[in-house]
Amino acid sequence: MSKFFKIYEATPSKETGNVSTQVGISNKQDDYNYTSPNSYRNTSFFLKKIEHDVEFPIFTLLKGAKLTDLMCCEGTNSDILIISQKFLFLLKSFNIDDYQSFNIKIRTLNGIQDYYFFYMYAQDKESEYINWNDTVFRLKPYLGEYENEHLLKFENYESFYDEDMKLFNTPKQSKVIKVSKLKLKTEIINKDMFSFGVLSSGFFISEKLRREIEKQGITGIRFRDADGLREPSYSPEMD
């Protein structure tokens, strides 16, 4: 049976400089307009291809942080990866889902470094790739966990999405639905990398791609087995 893994930035760790965030931004850049409609802050990196040029500021390597091939950047979410050219070239050589990459600059003490804003817009595989019979969810407070878990199951993505949106649209939303045990239909997945947009946001890779990442010494990355994955992934036990 094929195996898949979810990937995470390796922060904080000795490899990244023992910092929780490696890259930051400054609102003091006089030549960058954060309110522009093309600013990355005003661009929706969610479920659709970006059809306009995206404007980025120059990012900054934070004090104590080290450059790695996968970077943790403040102000970005799990739908985005900040990756080196080396990592991008590796991904391009595999059968990965539809994506876009945008060149960005990171200012370091040794000068400006080129990196890439990596966005996978084909985030619509939940219905197809998830084994809905065996995947288990839980209802939890927006922050923290209940002492006794309230477990849920859904017949399909549509029923999950409807319930999730009901909670999202509740005034002062206090509850969320999270995955307690993820099961994928690994036998039908033919991509080496894919992403979910709603149910378990982030990036999943094949065992084949993981082996090549490790072979090429890609830095700043951790893996977690997708089989039985529990979210959210704070302080996850990594392989």
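Author: Ser36 counts as buried because its relative accessibility is 10%; buried means under 20% relative accessible area, exposed means over 50%, and partly exposed lies in between, with a 1.4 Å probe and protein chains only. The model is predicted, so local features need pLDDT of at least 70 and side-chain atom pairs count only at pLDDT 80 or more, while totals for chains, interfaces and linings use all residues. Residues are numbered from 1 along each chain as its sequence is written, and side-chain values use heavy atoms, with hydrogens and water left out.

Ser36 sits in the loop between S2 and S3. Strands (E, at least two residues) and helices (H or I, at least four) are DSSP runs, numbered from the N terminus. Not counting residues up to four places away in sequence, Ser36 touches Asn42 and Glu55, where contact means heavy atoms within 4.5 Å.

Tyr40 is one of the residues with the most contacts inside the largest nonpolar core, which has 24 residues; the others named are Phe45, Phe56, Phe59, Ile82 and Phe117. Such a core is a set of buried Ala, Val, Leu, Ile, Met, Phe, Trp, Tyr and Cys residues joined through side-chain atoms within 4.5 Å. Two or more residues of this core come from each of strand S3 (58-61), strand S5 (80-83), strand S6 (100-108) and strand S7 (111-119). In soluble globular proteins, nonpolar side chains tend to be buried together. A second, separate core of 23 residues includes Ile130, Val179, Leu182 and Leu199.

Several residues named above also belong to a cluster linked by ring pairs: Tyr40, Phe45, Phe56, Phe59, Phe102, Phe117, Tyr119 and Tyr121. Rings of Phe, Tyr and Trp (its six-membered ring) pair if their centres lie within 6.5 Å; planes under 30 degrees apart count as stacked, over 60 as edge-to-face and the rest as tilted. The structure holds 25 aromatic pairs. One of them joins Phe45 and Tyr119, with centres 5.3 Å apart and planes at 80°, so the pair is edge-to-face. This pair links distant parts of the chain, 74 residues apart: Phe45 is in the loop between strand S2 (23-24) and S3, and Tyr119 is in strand S7. Phe45 counts as buried because its relative accessibility is 9%, and Tyr119 counts as buried at 0%. Phe196 and Phe204 form a tilted pair, 5.2 Å centre to centre with 50° between the planes. Phe196 is buried, with a relative accessible area of 0%, and Phe204 counts as buried at 0% relative accessibility.

For another buried position, take Val176, which has a relative accessible area of 11%. Val176 is found in strand S10 (residues 175-181). Leaving out neighbours within four places in sequence, the contacts of Val176 are Arg138, Leu139, Lys140, Pro141, Tyr142 and Leu167. Leu139 is 37 residues from Val176 in sequence, and the two are 5.9 Å apart in space, C-alpha to C-alpha.
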